[in-house]
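Hi,

Here's the structure I promised to pass on.

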Amino acid sequence: IVSGSMKAPAYTLTVRWQFFVITAEGNTEIKTVEDLGGKKVPAGAGRANALFMESYNEQHRDNPIDIQYTDADASAALIDLNNGRYDACIYNTTYVSGVTQEYGYNFNVYDIPNADDIEKPEAWLLFSKTNTDLRDFFDEQIAAMKEDGSLSELSVKYFGEDYIPKN
């Protein structure tokens with residue numbers, strides 16, 4: 001999987017997800033991405049949330065987010081958020097659900113209405129250009145599953161919400 005602000009290849013499926021500002025339960029100071037200026041927010045180098053924050057910082061040089069680059073995965077970062085190491089996180093809610101279920105931590109989750117204006121969080125499943133049969137079969141099956149709703153059902157079953165793009 002490749003993520004970031006690249007042009008989507010013509011020969012594969014684009015996967016989209018939505019970012020949210022996430023804070024510890026008692027934090028009432030941060031509610032928007034604009035509130036993150038000067039705040040410590042974790043991200044793995046090259047990961048989609050890092051690219052999102054780097055794009056935000058390029059557009060808001062006067063009040064940049066203090067990106068804390070880490071090797072920790074999203075679940076570990078959310079645990080650190082709960083314990084006060086970070087001021088906020090930017091992830092999708094699949095990670096929040098998992099940490100809440102496993103550890104009982106509660107978080108505030110805020111939509112980022114202008115997220116696509118900052119950086120579109122996309123990823124692509126890539127296939128060899130020479131293996132068009134596998135690519136075509138995969139794309140046909142995913143399209144059929146989107147059409148009949150079974151892909152959304154799987155998303156809800158395994159992630160608790162429907163994360164399947166409607167377009």
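This is a predicted model: local features need pLDDT of at least 70, side-chain atom pairs count only at pLDDT 80 or more; totals for chains, interfaces and linings use all residues.

Residues are numbered from 1 along each chain as its sequence is written, and side-chain values use heavy atoms, with hydrogens and water left out.

There's an open sheet of three strands, ordered β6-β3-β7 with antiparallel pairing. (Strands are DSSP E runs of at least two residues and helices are H or I runs of at least four, numbered from the N terminus; two strands pair if DSSP finds at least two bridges between them.) The edge strands, β6 (89-91) and β7 (107-111), each pair on one side only. Three bridges join β3 (residues 20-24) to β6, with Ile22 opposite Cys89.

Two helices lie across β3, β6 and β7: α2 (residues 74-82) at about 150 degrees to β6, and α3 (residues 93-103) at about 165 degrees to β7. Axes are lines fitted to C-alpha atoms, for helices over the stretch in contact (heavy atoms within 4.5 Å), and angles run from 0 to 180 degrees between N-to-C directions.

Tyr95 sits in α3 and touches Ala74 and Leu78, not counting residues up to four places away in sequence. Tyr95 and Ser75 are 20 residues apart in sequence, yet 6.1 Å apart in space, C-alpha to C-alpha.

Finally, α5 is followed by Gly149, with a positive phi near 85 degrees.

Cheers
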